[in-house]
2 protein chains.
Amino acid sequence: MAQQKKLVEEITPMEEDFARWYTDVVKKAELMDYSSVKGCMIIEPYGYAIWENMQEILDERFKELGHVNVCMPLLIPESLLNKEKEHVEGFAPEVAWVTQGGNDKLEERLCIRPTSETLFCEHYKKIIHSWRDLPKLYNQWCNVVRWEKTTRPFLRTSEFLWQEGHTMHATAEEAKAETLRMLDVYTEFFEKVLAIPVLRGRKTESEKFAGAEATYTVEAMMHNGVALQGGTSHYFGDGFAKNFGITFTDKNNQLQTPFQTSWGVSTRMIGGIIMTHGDDSGLVLPPAVAPIQVVIVPVAQHKPGVLDKANELFEQLKAAGLRVKLDDSEQSPGWKFAQYEMMGVPLRLEIGPKDIAKEQCVLVRRPDRNKSFVPLDGLADAVKAELQKVHDILYDNAAKNLQARTSIARTHEEFLDIAANRPGFIKAMWCGDPACEEKLKQETGGVKSRCIPFEEENLADTCVCCGKPAKHMVYWGRQY
Amino acid sequence: MAQQKKLVEEITPMEEDFARWYTDVVKKAELMDYSSVKGCMIIEPYGYAIWENMQEILDERFKELGHVNVCMPLLIPESLLNKEKEHVEGFAPEVAWVTQGGNDKLEERLCIRPTSETLFCEHYKKIIHSWRDLPKLYNQWCNVVRWEKTTRPFLRTSEFLWQEGHTMHATAEEAKAETLRMLDVYTEFFEKVLAIPVLRGRKTESEKFAGAEATYTVEAMMHNGVALQGGTSHYFGDGFAKNFGITFTDKNNQLQTPFQTSWGVSTRMIGGIIMTHGDDSGLVLPPAVAPIQVVIVPVAQHKPGVLDKANELFEQLKAAGLRVKLDDSEQSPGWKFAQYEMMGVPLRLEIGPKDIAKEQCVLVRRPDRNKSFVPLDGLADAVKAELQKVHDILYDNAAKNLQARTSIARTHEEFLDIAANRPGFIKAMWCGDPACEEKLKQETGGVKSRCIPFEEENLADTCVCCGKPAKHMVYWGRQY
């Protein structure tokens, strides 16, 4: 019990210091470690396994929709990055530059990709000639580097892992549909897989991706009222394509310019999981991506038959396709309970001599610690049902937090008051002028527009900032 | 037929110019494209799908053996790379240096990882404390950069994809066993998955990995008599661990230094497949990693029932777990035959009105173009058997090439004669002096020691170069 107490004590309570709570959780659960390169992290096995599960599910979905994976180079020549003006202005201040290869100074410096639109465009120019070559639905899983000043594990790191989809289409309509289709894929992934409800909408001009015509986003709400941009999907029109000279011959033998999209999600989703579902005992993982979905803890494991039965249940659950772990180490059950709670394992299965005599076991759900006695007959189905229940509880709690942390501001005064006192999303009307966004950000010390939702409400007729006629309802908030 | 002829004509015959044949195949089969960064390639969807299949099979095997995946940073500070003297001397001349982040010059330059021993050691120092922490069996799938002067698609590129396993063990014996165990995994992968027979052995001192105590290798023989180092497994002893100050407390409470291994295979295996199995019609892929294992080509597809039956067979084979494609495009069957031959699809299934009437189809094997009529009843099993047969044919042909391209040299004169006239492996005795290796390399314009095989033969008593007493039998050869 001494050890058990120690474990829990080491996590700073959320209410005391949210940032320290977060760092304690990522470190204690062994999700990551710091490296000697500023802002670059090591993703440890337990954290990486979450990413592998995310990858597997998303990759399957992308492929079902006709996407194929490729591998583009890590490095981009400066002249190539410079081809799209807005794009280079957005990214040049935050790229890492390679200037030397072996012992030789390079004639042209190369940046480590911060994103790969330019590389894809250069390749697409070579391989797109006819309408028969369209659409191109490419994706890549890779690392990118953005030289960030302030970093935070998973949420903002100088190097991170992501997938970037880059597609080309014969018509603007088709490209727009692809942009929204992928936003739907991300929405479904956040809600059905990660158990994180999201707001969906379009970024304002000042918040959109460098070089895009429109950026769509899914936005999640963390425990502490700070928003997380979960994934983005961009519609480029034919801007990049024109700059890169990409053309194709249409069915009428006319030369046309194709229309482009890109979309991505990254390892920051792991940060989103931690801050959406975690609690003062540590991590809480959604079952669909948890590296261990069920941990079996034998009770009185020295007694005859206990470990045999535990092993039997392990094999049974594994055969049913579950990610299961049996911990038969010498640590006490109490220590193990705390350990796997801290690691966020969705379900704990306890089995001891009394349970065996009754042909049952105990299932304990991580989020609400609900304890139930379950017959060993038909166990796998019962476990699956409990895992679904865990997912539902996580989603419901997160949805409640999202709702509780969403306020409406109709006046400038209300806006400033909420920004100062009620962390979360603020719904408020906006005139469309970037100057108002900038003013609100300055006045509040960082509250920015998050998105213009697909379903806008008419909360008022005037902009919450300048009082001029309102054009849009906007979700505002502080962001990670 | 015009189009069909065109396809085949575009591939330079192997005998005419092997290097051009190779480049034609990688380009025509759309495995890769060149990028605007010197020596860095784009892996196109068809090539990347081969890599994905390789990854899936190897990753599963690694995990069965207890390895877990992690993600280490892309960048290594110069001071960290410098920690192991031999290692830095080996790699520093071929790394890319990042000297600027955003608008700021870096205080310390960072190299893009050419390999990650130093990063793993730095992390292991932090997380290894007790015998309970051992062994550590980590692996990562990632990109690495080595600033190569001369590059060739897949075989030698400035950036490539690979896996690098890095393990730490309590004893030298355990680490040595791991080194050989992973060499066995690679051997099995080459022979049973890629259908490429390999020689297995130890590298000489001058050919081993920078900083390793011993390097083991699997070596394959290409069509043209040039060897390919397929994968390597290194035993480091406690050299790195001592330099990095990694220690652990053993069961007797004594401070000890752990023992280390690393092992890797890369996208160059795709080059190995091409040059082992390919022919003048193009690529030939081993079924286990072929993105398309069976292509269904309908004959007279406008006739009633043909496409329906083709679709039915497609669904049937897909349901049986096969990677199958139905090409119902408007191209002629002849064009399709040539196209999928060029792409190296192991098996072609033809189905036309006559076949349907007889309740059969035609299966054509890629390597030997063997044609058989197969009943539709029980088709999936027949297809699987034919795929196994394709694998066996590929392996047998490669084994015959390996044998035919292996010569024995007992005298210096014989060695030089074979090196000049019979491309392939040369088995010859060696005194153990690196000066003899250097001399033979100079005299032959590039024939180097490939490995000291596990089973040495006593071909002669004296070194093939200097005539002093022989210590080892060595396989020699030119390499990619």
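A nonpolar core is a set of buried Ala, Val, Leu, Ile, Met, Phe, Trp, Tyr and Cys residues joined through side-chain atoms within 4.5 Å. Keep that in mind as we walk through this structure, which is a predicted model.

**The cores**

The largest nonpolar core has 66 residues. Those with the most contacts inside it are Trp21(B), Leu31(B), Met54(B), Phe154(B), Leu194(B), Met269(B) and Ile274(B). Helix H7 of chain B, residues 172-193, supplies the largest share of this core, with 9 residues.

Let us look at one member in detail. Leaving aside neighbours within four places in sequence, Trp21(B) is in contact with several residues, including Ile11(B), Pro13(B), His223(B), Ile274(B) and Asp280(B). Ile274(B) is itself named among the core residues with the most contacts.

There is also a second, separate core of 65 residues. Among its members are Ala29(A), Met32(A) and Tyr216(A), along with Cys71(B).

**Where the two chains meet**

How many residues does each chain bring to the contact? Chain A brings 54 residues and chain B brings 54 residues. Together the two chains bury about 4100 Å², and 57% of this area is on carbon and sulfur atoms. On the side of chain A that touches chain B, strand E5 (residues 96-101) gives the most, with 6 residues.

Polar groups take part here as well. Across the interface there are 28 residue pairs in polar contact, counting pairs with both residues at pLDDT 80 or more. The count of salt bridges between the chains is 6. One of them joins Asp104(B) to Lys149(A), with the closest N and O atoms 3.2 Å apart.

**Chain A and one of its residues**

| Domain of chain A | Residues |
|---|---|
| Domain 1 | 12-277 |
| Domain 2 | 294-386 |
| Domain 3 | 406-477 |

Taken over C-alpha atoms, the centres of domain 2 and domain 3 of chain A are 49 Å apart.

Now find Ala460(A), in the loop between strand E22 (448-453) and strand E23 (472-477) of chain A. Is Ala460(A) buried or exposed? Ala460(A) is buried, because its relative accessible area is 18% and buried means under 20%. Not counting residues up to four places away in sequence, Ala460(A) touches Met429(A) and Ala470(A). His169(A) is 291 residues from Ala460(A) along the chain, and their C-alpha atoms are separated by 39 Å.

Note on methods
Residues numbered from 1 in each chain as written. Chains lettered and ligands numbered in written order. Predicted model: local features only at pLDDT ≥ 70, side-chain atom pairs only at ≥ 80, totals over all residues. Heavy atoms only, no water. Buried < 20%, exposed > 50% of the residue type's maximum accessible area, 1.4 Å probe, protein only. Helix = DSSP H or I, 4+ residues; strand = E, 2+ residues; numbered from the N terminus. Contact = heavy atoms within 4.5 Å. Domains from an automatic or database assignment. Buried area = accessible area lost by both parts, 1.4 Å probe. Salt bridge = Lys/Arg side-chain N within 4 Å of Asp/Glu carboxyl O. Polar contact = N/O pair within 3.5 Å; in protein donor to acceptor, adjacent residues only side chain to side chain.
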